[in-house]
Amino acid sequence: MILKKVIKKFIHFFGVDVKKYNPNDNELNALKSYDIGTILDIGANIGQFAVEARKFFPEALIYSFEPIDDCYNDLLKQLENDDKFKAFNFALGEENKEEAININSYSPSSSILKLAELHKNNFSYAQEDSIQKIKVKKLDEIFDSLDKKGNILIKMDVQGYEDRVIGGGKLSILKAKVIIIETSFAPLYEGQMLFNDINGLLKELGYSYTGSLCQKKSPLNGIILSQDSLFVRA
């Protein structure tokens, strides 16, 4: 017990806290009561969300959308043995087209939109590295082709492109029970909609904002820059 206290005190010296892992503390655990049977993982990166979601929704159908080739290939490897998973190598947006995406040295920050100065100032490790041509499709034009069961959860993490995804997928989004969407309180990407506007778009579609699952704070001053916002249809 004394040794444990010494180790904990040493870790706290570096500003880190360590707690015993409890799977019930995971935010996704709270969504199990919604009878989620289908998950749309929009902006999948290398499968972080899909892998975590599978732990809490073992029977759900998961569809991941990731346009960047390298990330898409890693995504496939992460879930190669999951027979209820399918991935698509294109982005979702407000119209069908070809587009250029800015690939970032920190891949989760990659976006069709350019980095805003606030992003660059707060996260120096996130630098635009190269450009890739990608396909963009409307969710409303592919949604009916997907097998579905139970209630639908849509997770959207598209680095400032949220309103475009909503614009091309309103009819499909209306059929979801729960939406987890990354929203910003200050512009991290050029031309992105902020929380109040995204909240307004989803409110028009019948969703209520019910809270934050996690937040990203500025390493410079601690101000909350963005969060994963939870919206639920009554």
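Which residues does Asp 41 touch, not counting residues up to four places away in sequence? In this predicted model, Asp 41 touches Phe 49, Ala 50, Tyr 63, Ser 64, Phe 65 and Lys 155, where contact means heavy atoms within 4.5 Å. The model is a prediction, in which local features need pLDDT of at least 70 and side-chain atom pairs count only at pLDDT 80 or more, while totals for chains, interfaces and linings use all residues. Residues are numbered from 1 along each chain as its sequence is written, and side-chain values use heavy atoms, with hydrogens and water left out.

Asp 41 lies in strand β1 (residues 36-42); helices (H or I, at least four residues) and strands (E, at least two) are DSSP runs numbered from the N terminus. The residue has a relative accessibility of 0% and therefore counts as buried, the classes being buried under 20% relative accessible area, exposed over 50% and partly exposed in between (1.4 Å probe, protein chains only). The side chain of Asp 41 is joined to that of Lys 155 by a polar contact of 2.8 Å. A polar contact is a pair of N or O atoms within 3.5 Å; within protein, one must be able to donate a hydrogen and the other to accept it, and residues adjacent in sequence count only if both atoms are side-chain atoms.

Aromatic pairs were examined next. Rings of Phe, Tyr and Trp (its six-membered ring) pair if their centres lie within 6.5 Å, and planes under 30 degrees apart count as stacked, over 60 as edge-to-face and the rest as tilted. By this rule there are nine aromatic pairs. One of them is the tilted pair of Tyr 63 and Phe 88, with 6.4 Å centre to centre and 40° between the planes. This pair links distant parts of the chain, with Tyr 63 in strand β2 (residues 61-65) and Phe 88 in strand β3 (residues 85-88), 25 residues apart. Tyr 63 is buried because its relative accessibility is 7%, and Phe 88 is buried at a relative accessible area of 14%. The ring centres of Tyr 209 and Phe 231 are 5.5 Å apart and the planes are at 55°, so this pair is also tilted. Distant parts of the chain are linked here too: Tyr 209 is in strand β9 (residues 207-217) and Phe 231 in strand β10 (residues 224-233), 22 residues apart. Tyr 209 counts as partly exposed at 34% relative accessibility, whereas Phe 231 counts as buried at 0%.

Tyr 63 and Phe 88 belong, with Phe 65 and Phe 90, to one aromatic cluster. The charged end of Lys 137 sits over the ring of Phe 90, 4.5 Å from its centre. A charge sits over a ring if NZ of Lys or CZ of Arg is within 6 Å of the ring centre and within 35 degrees of the ring normal. The charged end of Arg 233 is placed over the ring of Tyr 207, also 4.5 Å from the ring centre.

An open sheet of three strands has the order β4-β6-β5, with mixed pairing; two strands pair if DSSP finds at least two bridges between them. Its edge strands, β4 (91-92) and β5 (97-104), each pair on one side only. Strand β5 runs antiparallel to β6 (residues 128-137), and eight bridges join the two. Asn 102 has Ile 131 of β6 as its bridge partner.

Phe 185 is located in the loop between β8 (178-184) and α7 (195-204) and counts as partly exposed at 37% relative accessibility. Its C-alpha atom is separated by 5.7 Å from that of Ser 226, 41 residues apart along the chain. Leaving aside neighbours within four places in sequence, Phe 185 is in contact with Leu 194, Phe 195, Ile 224, Leu 225, Ser 226 and Gln 227.

The whole structure contains ten salt bridges, each a side-chain nitrogen of Lys or Arg within 4 Å of a carboxyl oxygen of Asp or Glu. Among them is the bridge of Asp 83 with Lys 84, whose closest N and O atoms are 3.7 Å apart. Asp 83 is exposed at 70% relative accessibility, and Lys 84 is partly exposed at 26%. These two residues and Glu 59 are linked in a network of salt bridges. Asp 144 and Lys 175 also meet in a salt bridge (3.8 Å, N to O). This pair links the loop between β6 and β7 (151-156), which holds Asp 144, to the loop between α6 (170-173) and β8, which holds Lys 175, 31 residues apart. Asp 144 is exposed, with a relative accessible area of 63%.
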